[in-house]
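Please keep the sequence and the model in view while reading.

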Amino acid sequence: MSIELHHLRGFLALADEKHFTRAAKRMNVSQPTLSRNIRRLEELLGRRLLERTTRQVALTPAGDRLYDQLRILLPRLESALHPDPEGDTFRVGFAWGFPMGWPQEVIAGFEEETGVPVRVHRHDATLAGVDRGDADLAILRGRVEAPDMEVVTLLHERRVAAVSTRSELAGREEIRWHEIAGQDLVVNEVSGTTNLAEWPADRRPGVSVVCRNFDEWLEAVASNKGMGVVPEFVGRQHIHSFVSFLAIPDAPRVPLNLVYPRFGGHPLIPRFVAMAQAAVGGPAAS
């Protein structure tokens, strides 16, 4: 077989993005080039990896199996081929809204105790790069389902509703959870913390806009495209002059988690986790 790394990188990007244009942009190649590389990979393997339609890309069972292996193996291979010239570092990934307070305390203590510098990176991805080898550990909000990852819940955060200052709700101080079911939501499908399944099946909000990152979500709310639901810390940051926040006293709280590989992770992960738990007062604090 003459399978090359660019074939595998292209497949992994396409499996992540489920969209040829976005995957080609991520790979910095043209869409026709990416298509040819994927077809060549399928020819070399002798099996179809993708189901293509005019609107979307879906993985076949063979594609799913290959993706499950490559998303773990390929980052490790890349890391071995391109070692960090600066020496050992501990990489902490996050998708948006890096917490204030305890992480800064933990990072300072960790660096002092271990002598290993910590680098914090934002990744607009569901697992903030920890599944692709771009981070050793990720700080993520919401429910995390990843079979190859350990998930340690540190604490639970209250939620608030975000509305445009032009919304008829902007003058209110609070809204009840069941009332949100009568609204249309702006949803961040990549790193958001709002899941429609948290409402009863027969009484769920509509979805007016689907976004792929926090900045897009914020502008959609500010433009009065719909309501958003986010952790309480967002409302304390006064992040947009055209967005108001309402308390949701009865909302289910959002877990804040540390996520890291179950096997083969950085040897200092347990120390970082223990220090984080101590900083917030024990596991799963409220």
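Buried means under 20% relative accessible area, exposed over 50%, and partly exposed in between (1.4 Å probe, protein chains only). Helices (H or I, at least four residues) and strands (E, at least two) are DSSP runs numbered from the N terminus. The model is predicted: local features need pLDDT of at least 70, side-chain atom pairs count only at pLDDT 80 or more, and totals for chains, interfaces and linings use all residues. Residues are numbered from 1 along each chain as its sequence is written, and side-chain values use heavy atoms, leaving out hydrogens and water.

**Strand S3 and its partners**

- Strand S3 (residues 90–94) is mostly covered, with 4 of its 5 residues buried.
- Two strands pair if DSSP finds at least two bridges between them; S3 pairs with strand S4 (residues 118–122) in the parallel sense over 5 bridges.
- Valine 118 in S4 is the bridge partner of phenylalanine 90.
- With strand S5 (residues 137–141), S3 pairs in the parallel sense over 3 bridges, and isoleucine 139 in S5 is the bridge partner of phenylalanine 94.

**Histidine 266**

- Histidine 266 lies in the loop between strand S12 (254–261) and helix H9 (269–280).
- Histidine 266 has a relative accessible area of 11% and is therefore buried.
- Leaving aside neighbours within four places in sequence, histidine 266 is in contact (heavy atoms within 4.5 Å) with Asp88, Thr89, Phe90 and Asp136.
- The side chain of histidine 266 reaches the backbone nitrogen of leucine 268 at 3.0 Å.

Terms used. A polar contact is a pair of N or O atoms within 3.5 Å; within protein, one must be able to donate a hydrogen and the other to accept it, and residues adjacent in sequence count only if both atoms are side-chain atoms.
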